[in-house]
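Please read it alongside the sequence and the coordinates.

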Amino acid sequence: MPELPEVESFKRYLDSTSLHQRIAGVEMRDAYVLKGVSARELARRLKGERFESSRRHGKHLFVRTDGDLWLRLHFGMTGSLRYFKRKKQGPRPACAEASAGRHTRLLFVFANAHRLAFEDQRKFGEVGLVADLDEYLRKRGLGPDALDISLSQFRELLRMHRGAVKTILLNQKLIAGIGNIYADEILFHARIHPAAEIGRLGEKTVGKLFRATRYILQKAIEAKADAELLPKSWLLPHRGKGGKCPRCGRKLKSATIGVRTAWFCAHCQKRTS
């Protein structure tokens, strides 16, 4: 599932490929993806506009048009973006279908004959329009972005809540952007058991958790969220059945915390500290 590092990678990809180009049209392949807007309205309001800038908040990507309208993209479990130029097939007319993948749900067609595809195999993604971005974030109740929150805000947030530390990290209304995989990685790096009660973590440990959060997310962004490029000393390459701790070599454990599966090293990650 795309988490903050993946969505930041999508943002940078969109910025490098799709900004400042006139939108000639929008081709809808599967209207399920639309939320709060019809295919006709989306096409009408975007045609002739340009994507001028983008902003990521947690797992959401927002793209501003030169008409001060925001396109909202949420990638669900398998969403992604792909920019390409349409192909020509022999004597047949040029067509987008020659390059669009079978999981393409929406195509933004640019005047230069290039396309930006919103692809989503599992169909949990969302596309919509937003007039006032800050108001949308308030109404959605999303917490501060995991890379924007300060240490003092982080300490206060943890002080005001109770429960397992992993549950707190995953709560998008408290901190936006962290998902299941990176929560496990952050806790492994900080040497904290995912079921540790947040109220029992000492001040020093909370500081360690904050620094681990920033470090893991930033490093994952630098690696373009590519698991093959992440350090082998991380939990992620070993996470799963039969995996062993890259620190001590002991077999990794799993447990259901809240409704999510957590992977951890029971030897290296302590419940209290």
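Contact here means heavy atoms within 4.5 Å. By that criterion, Leu151, Phe154, Arg155 and Leu158 of α4 meet Glu203, Val206, Gly207, Leu209 and Phe210 of α7. The model is predicted.

**Helix α4 and its cover**

- Helix α4 spans residues 151–159, and its buried residues are Phe154, Leu157 and Leu158.
- Viewed down the axis of α4, these buried residues fall within an arc of 95 degrees, so they line one face of the helix.
- An α-helix has 3.6 residues a turn, so residues three or four places apart point the same way.
- Ser152 and Arg159 are exposed on the other side of α4.
- The cover over the buried residues of α4 includes α5 (165–170) and α7.

**α4 against α7**

- The axes of α4 and α7 come within 10 Å and cross at roughly 120 degrees.
- That angle makes α4 oblique to α7, because angles of 65 to 115 degrees count as roughly perpendicular and those over 145 as roughly antiparallel.
- The crossing of α4 with α7 is right-handed.
- Sorted by class, the contact of α4 with α7 has 6 nonpolar, 1 polar and 2 charged residues.

**α6 against α7**

- Helix α6 (residues 180–190) packs on helix α7 (residues 203–222) at an angle of about 125 degrees, and their axes are 9 Å apart.
- This angle makes α6 oblique to α7.
- α6 and α7 cross in a right-handed sense.
- On the α6 side, the contact is made by Tyr182, Glu185, Ile186, Leu187, His189 and Ala190.
- On the α7 side, Lys208, Leu209, Ala212, Thr213, Tyr215, Ile216, Leu217 and Ala220 take part in this contact.
- By class, the contact of α6 with α7 has 10 nonpolar, 2 polar and 2 charged residues.
- Leu209 of α7 is among the residues that touch α6, and Leu209 is also among those that meet α4.

**α1 against α7**

- Helix α1 (residues 4–17) and α7 have axes that come within 9 Å and cross at roughly 40 degrees.
- That makes α1 oblique to α7, because only angles under 35 degrees count as roughly parallel.
- The crossing of α1 and α7 is right-handed.
- Leu4, Pro5, Glu8, Ser9 and Arg12 of α1 make the contact with Leu217, Ala220 and Ile221 of α7.
- By class, the contact of α1 with α7 has 5 nonpolar, 1 polar and 2 charged residues.
- Leu217 and Ala220 of α7 are among the residues in contact with α1, and both are also among those in contact with α6.

- Asp30 sits in the loop between β1 (23–28) and α2 (39–46).
- Asp30 is buried because its relative accessible area is 18% and the cut-off for buried is under 20%.
- Leaving out residues up to four places away in sequence, Asp30 touches Arg105 and Lys123.
- Lys123 is in the loop between β7 (114–120) and β8 (126–130).
- The relative accessible area of Lys123 is 41%, so Lys123 is partly exposed.
- Although Lys123 is not a glycine, its phi is positive, about 65 degrees.

**Ala225**

- Ala225 belongs to the loop between α7 and β9 (253–257).
- Ala225 has a relative accessible area of 17% and is therefore buried.
- Ala225 is not a glycine, yet it has a positive phi of about 55 degrees.

**Arg64**

- Arg64 is a residue of strand β3 (residues 60–65).
- With a relative accessible area of 24%, Arg64 is partly exposed.
- Not counting residues up to four places away in sequence, Arg64 touches Arg50, Phe51, Glu52, Ser53, Leu69 and Trp70.
- Arg64 and Val127 are 63 residues apart in sequence, and their C-alpha atoms are 13 Å apart in space.

Notes:
Residues are numbered from 1 along each chain as its sequence is written. This is a predicted model: local features need pLDDT of at least 70, side-chain atom pairs count only at pLDDT 80 or more; totals for chains, interfaces and linings use all residues. Side-chain values use heavy atoms; hydrogens and water are left out. Axes are lines fitted to C-alpha atoms, for helices over the stretch in contact, and angles run from 0 to 180 degrees between N-to-C directions. Helices (H or I, at least four residues) and strands (E, at least two) are DSSP runs, numbered from the N terminus. A crossing is left-handed if the near helix is turned anticlockwise from the far one by less than a right angle, and right-handed if clockwise. Ala, Val, Leu, Ile, Met, Phe, Trp, Tyr, Cys and Pro count as nonpolar, Asp, Glu, Lys and Arg as charged, and the others, Gly among them, as polar. Buried means under 20% relative accessible area, exposed over 50%, partly exposed in between (1.4 Å probe, protein chains only). The arc is that of the directions from the helix axis to the C-beta atoms.
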